[in-house]
Every structure is written in C-alpha cells, then in structure tokens.
Amino acid sequence: MAYTAAVIGTGQDPDNPSSDGYAMGYDHADGYVEADGVELVACADIVRENARAFADNYGIDDDAVFEDYNEMVAEVDPDIVSVTVPPAIHASISIDCIRNGVRAVHCEKPMALTWGESRTMAQEAYRHDCLLTFNHQRRFGKPIRMAKELLDDGEIGELERVEMGGHNLYDYGSHSFDLCNYFNDEVNAEWVLAQIDYREETVYFGAHNENQAIAHWQYENGVRGVAMTGFGQIPTHNRIVGTEGVIDVGPYETDAELRIRRGDGWEDLETDGEGMHDVEYIYRGIQSAVDALETGEPSELSARNALNATEIIFGAWESARRRGRVEFPLEIDDNPLEAMVESGQVTPVSSDE
C-alpha cells in the first residue's frame, strides 16, 4: 500500500544549522523519499518562503504548499505527518493532527516542553488510534544494535547498570535516556534523584537546558541508571555495566565507536564505519514508522517508549526543584527547569549580559 506524507515545519536554510534550528524537515523529507511505500506530497510552514523553497527542493505541487497546517491536513489528508518544529509547539501541532484524523504522526524529539503536554500527546494518540512516534533515531545505528546483541547474548553477564554522558538531560539527553531504556528492555523507572547547575543561559530551539547535572534512577527490575552531563561527564555516550563486564557505546577517549571490557583491558569492536550520528538513522526510523503503520505492530519509536525516557528527564529536574528523590509516576504538569528560571530559583546569565 502507498502512503502519503507531509512535513510541518520546513525550517530555514538546511546548510546553515544552529541552536535555533537544524531544518530537520529536510532530513525527514529525505527519509520519506528513501522509504518504501510512501510519497511526500505536501508541506506547511508559517514562513511561506521557507515552505516554497522546501517544496521546490522536493517537487511538491504549488497547491500543496501551506502556511496553515490545519488547512493542509484538511485539504491534502496525508496518512503520515512529520512535525519538525521547536519543542514548545510539538504538542499543540501533533494533537491537532491526531484529532483531525491523521493516521500517523512522526515528531521530532524531545517530546514536548512540559510533562503534562507529553502525557497528553500520548493520551490523544491512544484515544484516536493514531500511531505517534518520535525521532529517537540513534537506536538504528550499528553501535547501538551490536551493544544490545552483546548484552542479550550474555557477553557481560547480567545487566546491573546503565550510564550516560552528554551535553544536557533534555535536548541531547532525550536520545541518551531513550537508549538507556532500550538496553533495559523498556522497563519502567521507579524513581530518580538528581541535582543540576544552571549558571550560564543555554537555550536550544527555544528551551532551557542545564549546564551540568548528575542523576541516579532505578528501574522496576532493580537495574540502576546514572547520568552525568556537562563538565566532568561520563566519558561515553552510553555505558552498559554487567556482572561480568562493561560495554561502551560512543566512547569519547578513543576512535572506536564500540568497545567491550571483559577482563583487564578494552577490546575495540568494528561497526562497519557507523557511529553515533548519521542521517541514515533518521531514514531507518521513518521506514520503521511506515512499517508499523502498515503492519499495526508497535513501533520502537512509540510514544510509550518516548514517554518513559521523558519522565526520567522531567523527574530529574523535579528532583532538583524539590531537593529530594522523586517517585514515579511523575505527578506534575509543568517543566521544572523552566519554572525554576521563571521564579528566580535558578538565575542563568545570558551571554548578551
């Protein structure tokens, strides 16, 4: 069966990415072009010049270029819509598409700007039988797949702990928490204890991100998690600790993308040139979403899986706000870091000041 796809949020010049935007709509569009069984037929952006440039690039007809995404959905009726806009409007646009009958929504990460919005997105997708997926595409890279196979094959014994390092808990960490959960078979987290430092204003795509954090959490099966961001972070994207060894995925201190330690020293593993970052993974993720729509089977990029990772993120910031451990399910609606900035509880200094 052939599906039709559309992109909301075409972005500016894809050759000049910045913390204001990476023109991810182009990467999603390339994914639909590459995918089997789907055709890119429409786009929408509040800046018509951006939408027009996007349409020219992909051969989209003039009458399928819109400034109003609701009008696009009503007139074109696409099967799949990619939402590639800033996190603050992920929820409103995705929910509108879901309620207006779109069969599948593939949204950029992080899920949304607040925990309440994240829950509502998942809830509305469930209520309207819409396939809602999120672009946690790193799952499809060979270093990640090989690490999971090694773990499942018992190469480092029983899983005891998952660890992650990176720039922050939210924008970058969205991927890293997702991978921690992937390695632990998507088991729910029980609690999180965390603290942050936010002294220099860091805004990615309109959202605040802490400068430094440390977080500790536990899953329902007893596996623990540890995250360190910013200065002094864990020296690898993800670390898997077992009873008989350790696997590093994307270690920072070596050229290898994957390594394993089962004794005194590390062994670098060949990943056929694949690393942690590759636009090809976005294409694989989109193909995965299209396949899930076709088969009706759950997607690895499902809202359920994204929600589990997002709960730990907002739970960590809530722990910093409360200065204590936070039990799940998380019973807040806001974004604790944004709220702490607004209240003056944390006072990051802008580089412009």
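Colleague: With which side chain does the side chain of Glu155 make a polar contact?

Modeller: A polar contact is a pair of N or O atoms within 3.5 Å; within protein, one must be able to donate a hydrogen and the other to accept it, and residues adjacent in sequence count only if both atoms are side-chain atoms. Here the partner of Glu155 is the side chain of Arg262, at 2.5 Å. This is a predicted model, in which local features need pLDDT of at least 70 and side-chain atom pairs count only at pLDDT 80 or more, while totals for chains, interfaces and linings use all residues. Residues are numbered from 1 along each chain as its sequence is written, and side-chain values use heavy atoms, with hydrogens and water left out.

Colleague: Where is Glu155 found, and why does Glu155 count as partly exposed?

Modeller: Helices (H or I, at least four residues) and strands (E, at least two) are DSSP runs numbered from the N terminus. Glu155 lies in the loop between helix H6 (142–152) and strand E7 (159–166). Buried means under 20% relative accessible area, exposed over 50%, and partly exposed in between (1.4 Å probe, protein chains only). Glu155 counts as partly exposed because its relative accessibility is 32%.

Colleague: In what order do the six strands of the open sheet lie?

Modeller: Strands of a sheet pair through backbone hydrogen bonds, either parallel or antiparallel. Two strands pair if DSSP finds at least two bridges between them. The order here is E3-E2-E1-E4-E5-E6, with parallel pairing. Strand E3 (65–66) and strand E6 (131–134) are the edge strands, each pairing on one side only. Strand E2 (residues 38–44) is joined to E3 by two bridges, and Cys43 has Val65 in E3 as its bridge partner.

Colleague: In which sense do strand E11 (residues 212–219) and E12 pair, parallel or antiparallel?

Modeller: They pair in the antiparallel sense, over six bridges, and Ala213 stands opposite Thr229 in E12. E11 and E12 form a hairpin with four residues between them, and Gly222 in the turn has a positive phi of about 90°. E7 and strand E12 (residues 224–229), by contrast, run parallel and are joined by six bridges.

Colleague: At what angle do helix H1 (residues 24–34) and helix H2 (residues 48–58) pack?

Modeller: Axes are lines fitted to C-alpha atoms, for helices over the stretch in contact (heavy atoms within 4.5 Å), and angles run from 0 to 180 degrees between N-to-C directions. For H1 and H2 the angle is about 25°, and their axes are 12 Å apart.
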